[in-house]
Amino acid sequence: MLSRHMKQYSLLIFVLLLGLRTAEACSCGSSGTVLDAYNHADVVVIVSVASVEKAEPEKTAPKGQMSNDQNYVDGIKSTTMRIDEVFKGTLKVGAEMVFAQGGGADCIWTFAEEDIGRKFLFYLKRFNNSTVWVAGTCGRSSQVDQAGDDLLYLRNLDKVRDKTRISGTMRFLHENDESLAGRKVRIVGDKRAYELKTDDQGVYEIYDLPAGRYFVETEVPKGWKIGSFWLRYSPSLDPNAEEGSLQKIPIVLEAKKHAALDIMFEIDNVLRGHIYDPLGQPMKGVCIDLIPSDGTKGAYLADCTEEDGAFKIDEIPPGGYVLVVNDDGKITSSEPFGTFYYPKVTKREEATVFTIGLGDIVENLEIYPPIAKETITVEGVLLYSDGKPVADESVFFKSLKKQSSDKNEEDENDDRAKTDSQGRFSVKILKGTRGSLVGGMFTYSGEFENCPKLERLIKQSGSGVPEITTPPVEIRATTNLYGVELKYQFPYCKKAESPDQ
């Protein structure tokens, strides 16, 4: 089932790379430039954690859970900081500040006892003259050892105030022996190119360039690549640029302002292939894990196959690995077989070992699972009541539930698919399974123009964003079924234009 792996994918959080201690539920956008953060803040300080105030044991949030009005993350009620440096505001060096404990999902910093002695750079706002401060995890606040870009500017304010600035930090997503120092960066403008080098913390900067459009170019270490995902957090990336690439990144510098572009290097390697059934047909939704061949626990490396049976695992830390397919061993409609290792063995020690290094490409793998249970295919079309096709919506098969107190429990024999532009779909079901097939779409009042039948269904649901489904078609999976028709109880309606269009 795809859900097992999708849950694990969600654990990757950008803020972890910056050393922030916050919960997964807090989602941040661009942190802005140093100048943006400085201008927005009432107080900018470097502080050291002096002590923490602990909560009573009964008021400590359970491990891995967020706090509420009755308990506290890590059992900390508040944290006392001593001021080391002041860049903005009227606070004095040596004075103390008391910080509230974040809730774990509210984008407010959470502290722990092991933070005592650590130094932080905080950009802070005053709230109603409160004596308790709140440090946000979104923005440029960070531990001091991650604030090189900020400190180069803040500690030279008297010299560089009101000058334009282009700056950024280079980092490696994975630990390695590569140095961040001395890496070449070119800032290319319309009339001139500027050559820079990073300092020991991977920071580059240049002042007093004229406002305009520039390209940032940098040397990419062998076996690494510039991570495109991280560029979206740049506040200065030119959103309208049609040209440019990961080797030539366009940014915009405005008059009397700063431009910022951080660059994250990711491991550049890949292992990819396809999974087919015994008849050579691609298998969708089969999940593969790449695990260390010596049995130790490594980074989470996995993928699930697409419609064409393709899978791809990349950014692999150098080492020896084996491929394990369907690692939980559950036999389902998408994985009608138990656990096995590539090429087709049941013991890890007998599996093929892939030795993968920086820059390595392993491709064209073909995997044929040892099928344990037969599946049947159900194909059909999803339509509106007037016969028009429903594109890009879900069709799902629900098997008859075993007796369970949890009516929402997902059965391993369930399957789902997305319709194509003609409303066509195809699902796999374990042979002998009984259940029902329905089409479903989430919608809300006003999403479509002049659609009274749909509006009535939405109102009857009692939900603001209900899932509207077709009448079910009962299925008994004994043989392949073709031409199944699912039909909504309302006609095609044109989507309403959003207010900003």
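1. Start with strand E28, residues 434-442. Seven of its nine residues are buried, so the strand is largely enclosed by the rest of the structure. Bear in mind that this is a predicted model.

2. E28 pairs with E25. The two run antiparallel and are joined by six bridges. Within E28, leucine 437 stands opposite phenylalanine 397.

3. E28 also pairs with strand E30, residues 473-476. Here four bridges join the strands, again antiparallel. Glycine 435 has isoleucine 475 in E30 as its bridge partner.

4. Strand E29, residues 467-469, is a further partner of E28. Three bridges hold this pairing, and its sense is antiparallel. Threonine 469 in E29 stands opposite glycine 440.

5. Now the rings. The model has 19 aromatic pairs. Take phenylalanine 172 and tryptophan 224. Their ring centres are 4.8 Å apart and their planes meet at 70°, so this pair is edge-to-face; the cut-off for that class is over 60 degrees. The pair links distant parts of the chain, 52 residues apart. Phenylalanine 172 belongs to strand E7 (residues 165-172), and tryptophan 224 to strand E12 (residues 224-226).

6. The threshold is under 20%.

7. Tyrosine 384 and tyrosine 492 make another edge-to-face pair. The centres are 5.7 Å apart, with 70° between the planes. Tyrosine 384 lies in the loop between strand E24 (375-383) and strand E25 (394-399), while tyrosine 492 lies in the segment after strand E31 (481-487). The pair therefore ties together parts that are 108 residues apart in sequence.

8. Tyrosine 384 is buried, at 9% relative accessible area. Tyrosine 492 is partly exposed, at 41%.

9. One aromatic cluster deserves a look in the viewer. Its members are Phe99, Trp109, Phe111, Phe120 and Phe122.

10. Lysines also meet rings. The charged end of lysine 88 sits over the ring of tyrosine 38, at 4.9 Å from the ring's centre. Lysine 248 lies over the face of phenylalanine 215, and its distance from the ring centre is 4.9 Å.

Definitions and conventions:
Residues are numbered from 1 along each chain as its sequence is written. This is a predicted model: local features need pLDDT of at least 70, side-chain atom pairs count only at pLDDT 80 or more; totals for chains, interfaces and linings use all residues. Side-chain values use heavy atoms; hydrogens and water are left out. Rings of Phe, Tyr and Trp (its six-membered ring) pair if their centres lie within 6.5 Å; planes under 30 degrees apart count as stacked, over 60 as edge-to-face and the rest as tilted. Buried means under 20% relative accessible area, exposed over 50%, partly exposed in between (1.4 Å probe, protein chains only). A charge sits over a ring if NZ of Lys or CZ of Arg is within 6 Å of the ring centre and within 35 degrees of the ring normal. Two strands pair if DSSP finds at least two bridges between them.
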